[in-house]
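Look first at the sequence and the model shown here.

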Amino acid sequence: MSDISLLMAGVLTTGQPSLPILPPEPTTQGEQIVDEKVDSPQISSSDKIAPPEFTLEENNSERITSELTQQQKNILNKTRVKDKGEAESPKGQIKNLSPAKSINASLDSPTSPSTPEFTFPDTVEATSGMSQVTSVSQLNDVLPSDWAFTALQSLVERYGCIAGYPNGNFKGNRAITRYEFAAGLSSCMDKISELIAVGKENLASKEDLVILQRLQTEFQAELKEVTARVNNLEQRSAQVEANQFSATTKLYGQATFSVQGTNETDIFLYRGEEQPRKAKTNTTLTANTQLTLATSFTGRDLLLTGLSAGNLKPSTQSVSTNMGRLGFESDTGENLYLGELSYRFPVSDNLGVVVGTAGVNPVNTFRGINPLEGSGDGAISLFGQRNPILAIGSGTSGIGFDWQISDRISLQGVYSSQIASFPGDIEIGGLFGGSYTAGAQLTLVPTQNIDVGIHYLFNHSPDGNLRTGIGDTQLTSPLVGTDTFDTHAVGATVAWRVNPNLQLGGWGGWTTSNPVNLSGSVETTNWAVFAALPNLFRPGNLGGILVGQPPKITSSTLPDGYNLPNFAVPDFDTGGGKGGREDTSLHLEMFYRAQLNDNIALTPGLFVIFNPNHNADSNALIVGALRATFRF
């Protein structure tokens, strides 16, 4: 399964986020500004400017002056009316102006003759008596009771100059950082300047311009930082746009290096075999790479193109059993394999559809329940990835859906064909021929800590092979010709988050298969219980323990000669009688994923198969692996 396919549910039910207006606060390193998460520039109310002693380089921002622009002064001069009963204010001071009074006056009449006369010097001293500011983080937050807060709130209400908050409203019930305040002030300055530029002079009262001048003076240092931050973001954005290969596509990659091997043991392929087969693989060093292009045209749809290449071959032939297979096997030879080509889009807010020629199957369409799933960061065995019945049919092409019925109930469905591109015999391939699978999963969340998936699948197999890749997949004796089987499979997977550091769960599966041209039926079962240990020893790490039974034929009522469990008992002449497996294999697995950083994980793991091939005559098979996963 391509790991990017797990994004389907979120993409189909989540709209495109709105673009934030306010830039984030910068962090510092020494004397330089360090931009973090440039692609997510939203300020939260709890953000604080981290280290003190913040210094800006001259080339990082334009100088911000505390004086009004000449255009603003001209507007004020046009509307200035001197009240003879008022004395002129001394230079450098603003007389008879409290924030409340100026706001009330401007609301009543922006050009009222009773408004006091003001003299505008070249520079205006801050009324708070603040000296030169060198570190925003050393200053107190702006409280709703402060005059500056009230003044800016009044400007916001009259000019609508802040759109960065939810619903475009200025938060008036909490304190905000001075940097955040300055970002809002800068937005109001730009808005009022736009009104002046288009000639709407009557909309900007002289009282508001005075308030704006006073705010500019008091928050001069913070405004410099806002400007520097915006300039840096614009430069970075321009650089990203100039170098990106697509405006609609993101590239996700995963490379896996692995070392693996087995013990040397005796394996019996079938009951009654006289001589055991020596089972052993060499210690090998292999790699595989997955590249996924995720393209969105509307913000809610997703076109996935997955390419892979690898040289880790299955160990089935070397150890005479498929129970020792690894979950990250990838054998593409010298070719590049198209593992996924699918398009996912919403039909409504609660219903999404996926259609594609590769990667459309139950594994990629049903919501994952098992926390140990993941070829690059989950269990190391193939059996440990998921309930094996979900892999029935090995389909690639088709159509599926994901329907969020309510907050706690969802339904996924899929139709998948194994060789949809085959144009010849319908018994071999085609969209509705060959091997195909149709199924559904009802996903339940009865409590906040429990996830349940109930599975049903129907498979049509022209060769009598379920193609789960693990355990008993072939339904008939290899000594007879193939026959077509129709299979019904049901099962369930449960995961319980006991606490943030422990999850328990398990799964069970049952299949019944009926041949088209023969009498009788074949039944199989499988089960597993697991424990996942997130954050083991360190946040981000994962430990896992799993015990289970790979798929096993428990009953077969096919005619004599067709029964797989007994096809050679006591010899080939009289074998093939009715019955299931007499013995049971047991899978025991442990692994530990050490997340070295956000992009690199190292996973040692070990699993043991007792009674391989469901044959008690076989000795235990031990498989060890060390997997290194790189994501980019």
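In this predicted model, S320 has a relative accessibility of 16% and therefore counts as buried, since the limit for that class is under 20%. S320 is found in the loop that runs between α8 (316–319) and β8 (330–331). Its backbone deserves a look as well: S320 is not a glycine, yet its phi is positive, at about 60°. Most residues other than glycine have a negative phi.

N535 sits in the loop between β17 and β18 (542–556). Is N535 buried or partly exposed? With a relative accessible area of 32%, N535 is partly exposed, because that class covers the values between 20% and 50%.

For the chain as a whole, the secondary structure amounts to nine helices and 21 strands. The protein chain has 632 residues, of which 47% are buried. Of the contacts with a separation of 6 or more, 67% are between residues 24 or more positions apart.

Among the helices, α4 can be followed in some detail. Helix α4 covers residues 147–159, which is 13 residues, and at 1.5 Å a residue it should span 18 Å; the C-alpha atoms at its ends are 18 Å apart, so the two values agree. The expected span uses one less than the number of residues. Which residues of α4 are buried? They are A148, F149, A151, L152, S154, L155, V156 and Y159. An α-helix has 3.6 residues a turn, so residues three or four places apart point the same way. Just after α4 comes G160, with a positive phi of about 55°.

Helix α4 packs against other helices. Two packed helices are described by the angle between their axes and the distance between the axes. For α4 and helix α5 (residues 178–197), the angle is about 40° and the axes are 10 Å apart. The two helices α4 and α5 are therefore oblique to each other, and their crossing is left-handed. On the α4 side the contact involves A148, F149, L152, L155, V156 and Y159, and on the α5 side F181, G184, L185, C188, K191, I192 and L195.

The other partner is helix α6 (residues 206–218), whose axis comes within 11 Å of that of α4 and crosses it at roughly 135°. This pair, α4 and α6, is therefore oblique too, because an angle counts as roughly antiparallel only over 145 degrees. The crossing of α4 past α6 is left-handed. Its contact is made by W147, A148, A151, L152, L155, R158 and Y159 of α4 with D208, I211, L212, R214, L215 and E218 of α6.

The aromatic rings come last. A pair of aromatic rings is described by the distance of the centres and the angle of the planes. With centres required to lie within 6.5 Å, the model has eight aromatic pairs. In one of them, W507 and F530, the ring centres are 6.4 Å apart and the planes stand at 45°, so the pair is tilted. This pair joins distant parts of the chain, with W507 in strand β16 (residues 502–515) and F530 in strand β17 (residues 522–534), 23 residues apart. W507 and F530 are both buried. Together with F383, W507 and F530 form one aromatic cluster.

Key: Residues are numbered from 1 along each chain as its sequence is written. This is a predicted model: local features need pLDDT of at least 70, side-chain atom pairs count only at pLDDT 80 or more; totals for chains, interfaces and linings use all residues. Side-chain values use heavy atoms; hydrogens and water are left out. Helices (H or I, at least four residues) and strands (E, at least two) are DSSP runs, numbered from the N terminus. Buried means under 20% relative accessible area, exposed over 50%, partly exposed in between (1.4 Å probe, protein chains only). Rings of Phe, Tyr and Trp (its six-membered ring) pair if their centres lie within 6.5 Å; planes under 30 degrees apart count as stacked, over 60 as edge-to-face and the rest as tilted. Axes are lines fitted to C-alpha atoms, for helices over the stretch in contact, and angles run from 0 to 180 degrees between N-to-C directions. Angles under 35 degrees count as roughly parallel, over 145 as roughly antiparallel, 65 to 115 as roughly perpendicular and the rest as oblique. A crossing is left-handed if the near helix is turned anticlockwise from the far one by less than a right angle, and right-handed if clockwise. Contact means heavy atoms within 4.5 Å.
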